[in-house]
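Please study the sequence and the structure shown here. The report that follows describes selected places in this structure.

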Amino acid sequence: MAEPGDPADPELAGRLARVREEIRDASARAGRADDLPALIVVTKFHPATLVRDLIALGERRFGESRHPESREKAAAVAGLLADSPAPEWHFVGQIQTNKARQIAAYASCLHAIDRPELVNALASISRPSPLDVFVQVNLTDDAGRGGVDDAGLEPLVEQVLATPTLRLRGLMAVAPLGDDPDHAFETVRRRSERIRSIAPEATALSMGMSGDFRSAISQGATHLRIGAAITGKRPRRP
Ligand SMILES: *Cc1c(COP(=O)(O)O)cnc(C)c1O
């Protein structure tokens with residue numbers, strides 16, 4: 001981790017401005033100029049000072065994928081910004097069942113709910129309001145990539161709906177490497193339409209990363225998870 005006094009990255013503002021412009025452009029092409037997706041800047045492996053700089057540039061939603069790095073960063077950012085409102089932390093990575101409750105203590109949204117044990121673990125969290133979650137769908141045949149397979153989707157959605165501590169926002173996915181992203185994101189959109197019959201309010205779609213967010217926008221993404229295109233190259237895993 002860098003130290004609190006680290007100088008800001010002079011390229012950061014330019015990269016952020018370019019990504020914002022591309023989001024506006026892709027949204028206009030998709031006929032949704034007045035309905036821009038939410039941007040979650042993925043800051044995993046980057047120091048808290050980068051988050052502070054992004055907040056100064058107007059961002060307020062950040063994505064993290066590893067606990068406890070994420071918890072430490074959330075606390076460090078709160079310390080750097082004593083007078084400003086806390087940002088939203090979105091946990092976008094796979095969640096170990098025995099860490100779920102700890103993550104729910106600082107995250108405002110979990111994007112990778114993908115199995116019944118995880119929902120069970122979150123059933124007893126105590127919060128003033130339900131925790132926003134996305135169910136992650138797996139678009140590959142490899143169970144290790146995270147996400148629920150097609151046959152397990154409805155049962156998992158039913159389980160989340162029956163869990164009062166959680167509020168289902170919609171589906172999340174990562175497009176498989178080497179596949180056509182339009183095709184992958186269209187599949188997510190179709191699964192999302194399918195679950196509306198049991199979860200009419202779960203309309204959100206968390207999809208689109210640095211390399212494929214334009215495609216995700218064309219398929220209806222409501223939440224983009226963009227890292228490197230904004231933050232620059234990630235430092236190696238700490
Ligand atoms: C790292 C990560 C991202 C951001 O990826 P980039 O290619 O850096 O934009 C998005 N979603 C998840 C689940 C991630 O782990």
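## Cavity, pocket and selected residues

Strand 3 supplies three residues to the lining of the largest cavity, which is the largest share. Helices (H or I, at least four residues) and strands (E, at least two) are DSSP runs, numbered from the N terminus. The model is predicted, so local features need pLDDT of at least 70 and side-chain atom pairs count only at pLDDT 80 or more, while totals for chains, interfaces and linings use all residues. Residues are numbered from 1 along each chain as its sequence is written, and side-chain values use heavy atoms, with hydrogens and water left out.

**The cavity**

Rolling a probe the size of a water molecule over the atoms shows where empty space is left. On a 1 Å grid over the protein atoms alone, a cavity is a set of points where a 1.4 Å probe fits but cannot get out, whereas a pocket is an open set with protein on both sides within 12 Å along at least five of seven lines; lining residues have an atom within 4 Å of a point. Grid points are joined across faces, edges and corners, and a volume is the space filled by probe spheres set on the points.

The structure holds one cavity of 30 Å³ or more. The lining of the largest cavity is formed by Phe 62, Glu 64, Ser 70, Trp 89, His 90, Phe 91, Tyr 106 and Ala 107. Strand 2 (61–64) and strand 3 (88–91) are the elements that give two or more residues to this lining.

**The pocket and Lys 44**

The largest pocket is lined by 33 residues, and those nearest its centre are Lys 44, Arg 145, Val 174, Met 209 and Arg 225. The table sets out the volume and the lining classes of the two spaces; Ala, Val, Leu, Ile, Met, Phe, Trp, Tyr, Cys and Pro count as nonpolar, Asp, Glu, Lys and Arg as charged, and the others, Gly among them, as polar.

| Space | Volume | Lining by class |
|---|---|---|
| Largest cavity | about 30 Å³ | five nonpolar, two polar and one charged residues |
| Largest pocket | about 800 Å³ | 14 nonpolar, 11 polar and eight charged residues |

In an unreviewed entry, UniProt lists Lys 44 for "modified residue: N6-(pyridoxal phosphate)lysine". UniProt also places "domain: Alanine racemase N-terminal" (unreviewed entry) at residues 16–235. UniProt positions are given in the numbering used here, feature names are shortened, and annotations may be inferred rather than shown by experiment. The span of residues 16–235 is 37% helix and 17% strand, and its end C-alpha atoms lie 18 Å apart.

Lys 44 sits in the loop between strand 1 (38–42) and helix 2 (48–56). Not counting residues up to four places away in sequence, Lys 44 touches Gly 63, Glu 64, Ser 65, Glu 69, Lys 73 and Arg 234 (contact means heavy atoms within 4.5 Å).

**Backbone features in two loops**

Most residues other than glycine have a negative phi, and most peptide bonds are trans. Phe 45, in the loop between strand 1 and helix 2, has a positive phi of about 70° although it is not a glycine. Phe 45 counts as buried because its relative accessibility is 14%. Buried means under 20% relative accessible area, exposed over 50%, and partly exposed in between (1.4 Å probe, protein chains only).

The peptide bond from His 67 to Pro 68 is cis, with omega near 10°. Pro 68 belongs to the loop between strand 2 and helix 3. Ser 65 is also placed in the loop between strand 2 and helix 3 (69–80). With a relative accessibility of 16%, Ser 65 counts as buried. Beyond residues up to four places away in sequence, Ser 65 touches Lys 44, Phe 91, Val 92 and Gly 93.

In helix 6 (residues 153–161), the buried residues are Leu 153, Leu 156, Val 157, Gln 159 and Val 160. Seen down the axis of helix 6, these residues fall within an arc of 160° (the arc of the directions from the helix axis to the C-beta atoms), so they line one face of the helix. Among the elements that cover them are strand 4 (109–113), helix 5 (116–122) and helix 7 (181–195).

Arg 191 is found in helix 7 and, at 14% relative accessibility, counts as buried. The contacts of Arg 191, not counting residues up to four places away in sequence, are Val 137, Asn 138, Leu 139, Asp 150, Leu 153 and Leu 171.
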